[in-house]
Amino acid sequence: AINAGSWFAISGFHPFTLHIKGITNATVRIHASNETVQPASTDHAIQVGSPLTADGLIAITVPVNWIKARVSAWVSGTITVYLKGMQ
C-alpha cells in the first residue's frame with residue numbers, strides 16, 4: 001500500500017546500492033537526508049534518482065546520514081528494498 005517509509009540510519013556509510021524489487025503496479029521513491037537526528041516519516045527530504053515503476057537498482061555514492069524508500073503510488077505488488085554495501 002502507499003507508505004511514507006521509515007528512515008534508516010546510514011551514518012555517512014557509502015557507497016552502497018539499494019535493490020528494489022516486487023514492484024508490479026506501484027511507484028517507489030528513494031529519499032536521503034543529512035539531518036543529525038532522524039527526520040519524521042512524513043519528511044521526504046531529498047529524492048534520489050527518478051521514481052521507480054519497475055524493479056531496479058539505485059547506487060548511492062555520496063555520504064548521507066539517513067535513507068528511506070517511500071511507496072508514493074500503489075495498486076499491486078509486494079515491495080522489498082535491500083541495501084548492499086562495499087565490503
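Student: Is valine 28 buried or exposed?

Tutor: Valine 28 counts as buried, because its relative accessibility is 1% and the cut-off for buried is under 20%. Keep in mind that this is a predicted model.

Student: Which strand does valine 28 lie in?

Tutor: Strand β3, residues 25-33. That strand is mostly covered, with seven of its nine residues buried.

Student: And what is valine 28 in contact with, leaving aside neighbours within four places in sequence?

Tutor: The contacts are Ile20, Ile23, Pro51, Leu52, Ala69, Arg70, Val71 and Ile79.

Student: How far apart are valine 28 and serine 72?

Tutor: In sequence, 44 residues. In space, 6.0 Å from C-alpha to C-alpha.

Student: Okay, pairing. How many bridges join β3 to β6?

Tutor: Nine, and the two strands run antiparallel. β6 covers residues 66-76. As one example, threonine 27 has alanine 73 in β6 as its bridge partner.

Student: What about β3 and β4?

Tutor: Those two are antiparallel as well, joined by four bridges. β4 spans residues 46-52. There, valine 48 is the bridge partner of isoleucine 30.

Student: Switching to the surface. Which residues form a nonpolar patch there?

Tutor: Phe8, Phe13 and Leu83. Together they have about 280 Å² of accessible area.

Student: Where is phenylalanine 8 found?

Tutor: In strand β1, which is residues 8-9.

Key
Residues numbered from 1 in each chain as written. Predicted model: local features only at pLDDT ≥ 70, side-chain atom pairs only at ≥ 80, totals over all residues. Heavy atoms only, no water. Buried < 20%, exposed > 50% of the residue type's maximum accessible area, 1.4 Å probe, protein only. Contact = heavy atoms within 4.5 Å. Pairing = 2+ DSSP bridges. Patch = residues over 30% accessible without salt bridge, like charges linked within 9 Å, V, L, I, M, F, W, Y side chains within 5 Å. Areas by Shrake-Rupley, 256 points an atom, 1.4 Å probe, with all protein chains shown as cover. Salt bridge = Lys/Arg side-chain N within 4 Å of Asp/Glu carboxyl O.
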